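Subject: Handover of a structure, with notes

Dear colleague,

I am passing on to you the structure shown just below, and I would be glad if you could look through it alongside my notes.

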Amino acid sequence: MTLIDDSPAAVSDDTAIAADRAERLTAAGTAWAERIAAAPSSAQLSYRVSGRGTGSVATEITAGKHRFLVDEPAALAGDDLAASPVEFALGALISCQVVVYRLYAQALGIVLDDVEIDAEGDLDVRKLFGIDESGRAGFSAVRLQVRLRGPESDERYAELQAAVDAHCPVLDLFQNPVPTTVTLG
């Protein structure tokens, strides 16, 4: 018994998925380039997300038509009903990287069969709990392990990585301070 379906139908499905992805990425890139060329201000997007506390320390998040829960493990006063805020942050980084890897592989003509990414972040909770105010409240370091599969050379995938590192919005959030305003209302 095999767990991998390498039948002609499965291979054909993978080819169809890759072709659909390539078509969608090309169409999106072309549409945005045309839209921005016609009206440069259309490049400026604003995102709005809201949240409401629920349970012990969980938050129900609404992002457009999507809703999801964010919680903490019991050791951080949560009910462990969902991933924690910092896990969602790492997940946002991973998912943005996947999007930008696929986008730039298509744009650069680099064949990319699959991309898998693991993220690991180091966080010292002393600042969170007011034990030591000298450190950071957030991650002190984040490490990504990216695995690319496909027929290209290491040099081509290094070219792809450089493009992704230069253009990934969430990586930029992690690497650079963002002016943030907090108001009570």
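Predicted model: local features only at pLDDT ≥ 70, side-chain atom pairs only at ≥ 80, totals over all residues.

Residues are numbered from 1 along each chain as its sequence is written, and side-chain values use heavy atoms, with hydrogens and water left out.

The sheet

An open sheet of three strands runs in the order β1-β2-β3 with antiparallel pairing; strands here are DSSP runs of E with at least two residues, helices are runs of H or I with at least four, and both are numbered from the N terminus. Two strands are said to pair if DSSP finds at least two bridges between them. Because β1 and β3 (66-70) stand at the edges with a single partner strand each, one side of each is left without a neighbour in the sheet. On average, and with direction ignored, neighbouring strands of this sheet are turned by 20° against each other, the angle being taken between lines fitted to C-alpha atoms.

Five antiparallel bridges link β1 to strand β2 (residues 58-63), and Thr-54 has Ala-58 as its bridge partner in β2. These two strands form a hairpin with three residues between them, and Gly-55 in the turn has a positive phi of about 65°. The pairing of β2 with β3 is likewise antiparallel over five bridges, with His-66 of β3 as the bridge partner of Ala-63.

The cysteines

A search of the whole structure finds zero disulfides, a disulfide being a pair of cysteine sulfur atoms within 2.5 Å. Cys-96 is in no disulfide, and the nearest cysteine sulfur, that of Cys-168, is 3.4 Å away. Cys-96 counts as buried because its relative accessible area is 13%, and Cys-168 is buried as well, with a relative accessible area of 2%.

The pockets

A pocket is an open set of points on a 1 Å grid over the protein atoms alone, where a 1.4 Å probe fits and protein lies on both sides within 12 Å along at least five of seven lines; lining residues have an atom within 4 Å of a point. The largest pocket has a volume of about 960 Å³, a volume being the space filled by probe spheres set on the points. Among its 22 lining residues, Leu-45, Tyr-47, Cys-96, Val-99 and Pro-169 lie nearest its centre. The largest share of this lining, seven residues, comes from α2.

The second largest pocket has a volume of about 750 Å³ and is lined by 28 residues, of which Leu-93, Val-142, Val-170, Leu-173 and Phe-174 lie nearest its centre. Two or more residues of this lining come from each of α2, β5 (139-149), α3 (154-167) and α4.

A residue of helix α2

Leu-103 lies in helix α2 (residues 85-108) and counts as partly exposed because its relative accessibility is 31%. Its C-alpha atom is separated by 9.7 Å from that of Arg-24, which is 79 residues away along the chain.

With best regards

Methods
Buried < 20%, exposed > 50% of the residue type's maximum accessible area, 1.4 Å probe, protein only. Axes fitted to C-alpha atoms, helices over the stretch in contact; angles between N-to-C directions.
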